[in-house]
Amino acid sequence: MATLSQWKPYDQYVQGGMVDGRYMNAAYTLIAAGPPRLANIGGPSFVAGALSSTSQVQDRIAYPIGLAQNFSLGHNMSISRIFEIGSERSYFIPGRVVGQLGLSRIMYHGTSLLRTLWAYYQDLVPKTIVESVFTNLGAATMANPHDVQIPPGFENIYFNLASDLFKQPVGLLFMFKDSNEDTMGAGYLEAAHVPNHSLATDATGTVIQESVSVQFERMLPIATKVVGLISGITE
């Protein structure tokens, strides 16, 4: 970004430091499902180191969610505005922050969206067996966190949100890269729950679309190896 004293609308971009051909978009964004807490898989430092390396240990952290069509991630902070008698001025008191996520996906072939979100989960105690979709650290460190009683579905398709499986939280990993495949940032949504799930198609439709809304306890940025700060300021 040019400094204010160097502002020249006809000659310069407002934000400097940009490189032609390097950009971010949906093709370079990855969403993956994992255990509810980073502490379940070694903690933030361990995960950051794994994501920064080429080691296959990162394959055991979270399960990539394919065929995602769109997502929206947001935070809301409650604000109290305090006025006083005798003045037109006011004070602001920031309150709690609540995060939410919306995610939709095409049901093509293979695991459904709810099955994919709980990919790490493993319950090998009858009567309801839930196998993990991939070999992962969460299942290894938290073997059988809950004995599921109400079947969520079977094999690939989970869609019974009334199952007690879905009362167990999961986590979501986000990674953002640029077109040069360099990581721009990463974060983890901890203790995520799904209060809403829907399936939709129609008589002339060619696809079935699944959607979920997600509430999570907190977002943790991951200090993985990333592109350095691009300030763009010229002296």
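**Entry 1: contacts along the chain**

I looked up contacts between residues at least 6 apart in sequence, and 63% of them in the protein chain join residues at least 24 apart. I note here that the model is predicted.

I then listed the elements and found three helices and ten strands in the protein chain. Read from the N terminus, the order is β-α-β-β-β-α-α-β-β-β-β-β-β.

**Entry 2: the whole chain**

I took the box around the C-alpha atoms along the principal axes, and it comes to roughly 70 × 55 × 45 Å. The chain has 235 residues, and 34% of them count as buried. For the accessible surface I noted about 14400 Å², with 56% of this area belonging to carbon and sulfur atoms. I also looked up the charges: there are 14 positive and 18 negative side chains. The centres of these two sets lie 5 Å apart.

**Entry 3: helix H1**

Which residues of helix H1 are buried? I found Val47, Ala48, Ala50 and Leu51 buried in this helix, which covers residues 44-52. These residues lie on the same side of H1, because the arc they cover around the axis is only 165°. I checked what they pack against, and the partner is E7.

**Entry 4: aromatic pairs**

I looked up ring pairs next, and the count is six aromatic pairs. One of them is Phe71 with Phe174, a tilted pair with 5.3 Å from centre to centre and 50° between the planes. The two residues are 103 apart, and the pair links distant parts of the chain: Phe71 belongs to strand E3 (residues 68-83) and Phe174 to strand E7 (residues 170-177).

Phe174 counts as buried because its relative accessibility is 2%.

I also looked at Tyr120 and Tyr121. Their ring centres are 5.7 Å apart and their planes stand at 80°, so this pair is edge-to-face. Both Tyr120 and Tyr121 are buried. Returning to Phe71 and Phe174, I found that ring pairs link them with Phe176 into a cluster.

**Entry 5: backbone angles**

I searched for cis peptide bonds and noted one joining Pro126 and Lys127, with omega about 20°. Lys127 sits in the loop between helix H2 (113-117) and helix H3 (137-141).

I then looked up positive phi values in residues other than glycine. Leu67 has phi near 60°, and its place is the loop between strand E2 (63-64) and E3. With a relative accessible area of 40%, Leu67 is partly exposed.

Glu155 has phi near 55°, also a positive value in a residue other than glycine. I located Glu155 in the loop between strand E5 (153-154) and strand E6 (157-158). Why does Glu155 count as exposed? Its relative accessible area is 67%, and the cut-off for exposed is over 50%.

**Entry 6: Ile230**

Ile230 has a relative accessible area of 43%, so I put it down as partly exposed. What does Ile230 contact, leaving aside its neighbours within four places in sequence? I found Gly16 and Gly17.

Note on methods: Residues numbered from 1 in each chain as written. Heavy atoms only, no water. Phe/Tyr/Trp six-rings, centres within 6.5 Å; stacked < 30°, edge-to-face > 60°. Helix = DSSP H or I, 4+ residues; strand = E, 2+ residues; numbered from the N terminus. Buried < 20%, exposed > 50% of the residue type's maximum accessible area, 1.4 Å probe, protein only. Contact = heavy atoms within 4.5 Å. Areas by Shrake-Rupley, 256 points an atom, 1.4 Å probe, with all protein chains shown as cover. Lys, Arg positive; Asp, Glu negative; His and termini not counted. Charge placed at Lys NZ, Arg CZ, Asp CG, Glu CD. Arc of directions from axis to C-beta.
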